[in-house]
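Please open the structure in your viewer and keep the selection tool at hand, as this tour moves from one site to the next.

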Amino acid sequence: MGVTQMTDDLVARAETAPETLTDGFHLLIDALKLNGIETIYNVPGIPITDLGRYAQAQGMRVISFRHEQHAGYAASVAGFLTKMPGVCMTVSAPGFLNGVTALANATTNCWPMILISGSSEREIVDLAQGDYEEMDQLAMARPFCKAAYRLNYAQDIGIAVARAIRSAVSGRPGGVYLDIPGAMLGQIMDGEEGKKSLVKVIDPAPRQTPSKESVARAVNVLKEAKRPLIVIGKGAAYDQSDDVIKELVEKSGLPFLPMSMAKGILPDTHPQCAAAARSLVLKESDAVIMMGARINWLLSHGKGMQWGEPGSKKFIQIDIDPEEMDSNVEIAAPLVGDVGSCAQALIDALESEGIAPPKDWLDQVNTKATANMEKMANKLQNNNDPMDYFAALGVIKEAVNKRPETILVNEGANTLDMCRSIVNIHKPRHRIDVGTWGVMGIGMGAAVAAAVETGKQVLAVEGDSAFGFCGMEIETICRYKLPVCIVIFNNNGIYRGDGENWGGGDDPATTVFVEDSRYDMMMEAFGGVGVWAKNPDELRQAIEEALASGKPTLINAAIDPAAGKESGNIGNLNPSSVVAQARYPQAKKI
């Protein structure tokens with residue numbers, strides 16, 4: 001029922017007994033609260049400014065950001081941490097487009113998120129009559145999410161929110177778009193009828209058990225294996241079947257390799273952890289259980305030198321989505337189901353088989369891992385001035401070991417690549433990073449969500465380039481007094497800070513920033529604590545004080561501009577040119 005279609009009775013009651021009525025604003029809030037959603041990440045503006053105010057008045061927590069993209073990243077990380085869709089709310093058109101980046105990232109990462117955006121009225125959009133921020137947002141959102149819905153009538157809010165929640169978390173999780181034309185929010189209806197229209201979602205993501213045949217097939221692959229391996233992905237972390245996964249790993253005795261956001265399901269210090277022997281186990285294994293991990297670019301698509309001789313291994317893949325199987329390589333034993341159910345089925349099947357990995361394989365993995373860790377330990381103890389990445393990350397590693405409940409957020413190029421292989425994680429879902437897309441700028445949104453959703457101390461380790469994408473959100477961190485300590489590895493540039501202008505002009509190189517930028521002073525401007533740390537001892541002291549105090553803190557860690565390498569560990573993805581190398585001798589140096 002539109003505003004212009006109100007009955008005489010509703011018109012009269014709006015004037016004499018408004019307490020008997022409800023409207024689109026409050027129905028949307030009530031629908032979210034009914035389904036256990038208590039936090040909204042948003043950027044206020046037309047037409048959703050009052051929606052945020054009313055939500056706050058109704059007891060919801062509304063975290064307002066400076067940019068919609070980071071509100072969206074926060075909502076997606078909230079979905080990863082809680083298994084409930086995080087909600088991001090934006091204004092129309094440009095604000096919506098900013099949120100779509102985060103929506104697409106959530107879908108790519110398989111994290112449940114709902115993007116709610118105000119929009120223009122359909123009758124104006126369809127006739128292209130030039131409304132304020134006019135855009136067919138529903139059509140534009142569809143390619144980037146699991147589902148997209150538009151609300152035209154207030155009485156449909158309950159079912160629309162229920163569909164959005166179920167779509168976001170069922171099967172393979174992902175992003176959902178909910179389009180709310182501004183006029184719909186102001187529509188009124190009888191309060192009791194409005195209450196009856198709300199829907200509480202029942203069992204939106206039921207467990208899905210694998211077939212007996214598929215389990216038997218997987219067991220047969222393991223029976224024949226001489227060098228088996230488990231690769232644990234962030235899908236396993238999302239599933240929150242931590243105890244079952246731990247039981248499978250320990251009862252099977254198999255070495256396991258955690259992908260970056262799966263670190264901590266079992267601690268990185270676990271005796272079966274093969275992270276320090278990654279190259280060895282990927283190349284030499286002959287049977288690999290992919291547990292909530294996709295065989296995508298992060299694992300070289302299961303091909304190439306990293307994986308050894310072609311056809312040298314068989315894959316057992318656990319995934320909720322059957323279409324993921326055979327996406328890059330042949331899957332010998334697909335297990336379709338949720339990670340917890342599949343892991344339990346394997347435990348039950350293996351108990352009667354007495355399968356154990358060969359001792360010589362375990363010894364080989366442990367020997368390589370121990371040697372690599374000893375070699376790395378010496379690098380982490382250096383006291384170079386200026387600091388290199390190893391010295392700074394040695395301090396970060398100490399801090400997380402001392403406070404294992406700290407949630408680590410990490411992004412950058414070299415900062416990301418080296419941190420995920422050096423810093424141990426001890427608890428599940430205590431590491432958040434750029435995920436499948438490798439997108440830059442997730443750091444501050446992720447840090448806010450981690451602090452809000454868990455109440456725990458957050459340590460965000462950022463490259464100076466990555467921080468530049470999201471740095472204004474330090475004001476958000478200070479405004480909400482969140483326990484977030486940000487450490488910026490500042491080497492004065494993208495990848496490195498010692499680049500040269502190949503044309504010899506006055507402009508700086510394309511990858512160089514202002515030398516010795518004082519990011520710490522930015523933090524102080526918003527009332528937080530800023531520290532400029534120039535050596536490992538200063539960095540250690542600053543992190544210790546920040547984590548002990550819980551105050552919003554930014555530590556500007558000076559890193560040698562010559563430290564780091566082009567594109568971090570994925571420089572091979574840069575296209576190369578024989579012509580360029582002949583024309584620009586400098587190209588051969590990077």
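Begin by selecting His430, which has a relative accessibility of 6% and, because this falls under the 20% cut-off, counts as buried; bear in mind throughout that the model is a predicted one. His430 sits in the loop that links α18 (414-422) to β15 (431-432). If you display polar atoms, you will find one in the side chain of His430 at 2.8 Å from the backbone oxygen of Pro428. Leaving aside residues up to four places away in sequence, the neighbours that His430 touches are Pro404, Glu405, Thr406, Ile407, Leu408, Ile425 and Lys456.

The crossing of α17 past α23 is right-handed. On the α17 side, the contact involves Ala391, Ala392, Val395, Ile396, Glu398, Ala399 and Lys402, while α23 contributes Pro536, Leu539, Arg540, Ile543, Glu544 and Leu547. Colouring these contact residues by type gives nine nonpolar, four charged and no polar.

Finally, move to Ser252 in helix α13 (residues 242-252), a residue that is buried, with a relative accessible area of 9%. The side chain of Ser252 reaches the backbone oxygen of Leu248 at 2.8 Å, and a polar atom of that side chain also lies 3.3 Å from the backbone nitrogen of Leu254. Not counting residues up to four places away in sequence, Ser252 touches Ile230, Ile355, Ala356 and Pro357.

Definitions and conventions: Residues numbered from 1 in each chain as written. Predicted model: local features only at pLDDT ≥ 70, side-chain atom pairs only at ≥ 80, totals over all residues. Heavy atoms only, no water. Left-handed = near helix turned anticlockwise from the far one by under 90°. Helix = DSSP H or I, 4+ residues; strand = E, 2+ residues; numbered from the N terminus. Contact = heavy atoms within 4.5 Å. Nonpolar A, V, L, I, M, F, W, Y, C, P; charged D, E, K, R; others polar. Buried < 20%, exposed > 50% of the residue type's maximum accessible area, 1.4 Å probe, protein only. Polar contact = N/O pair within 3.5 Å; in protein donor to acceptor, adjacent residues only side chain to side chain.
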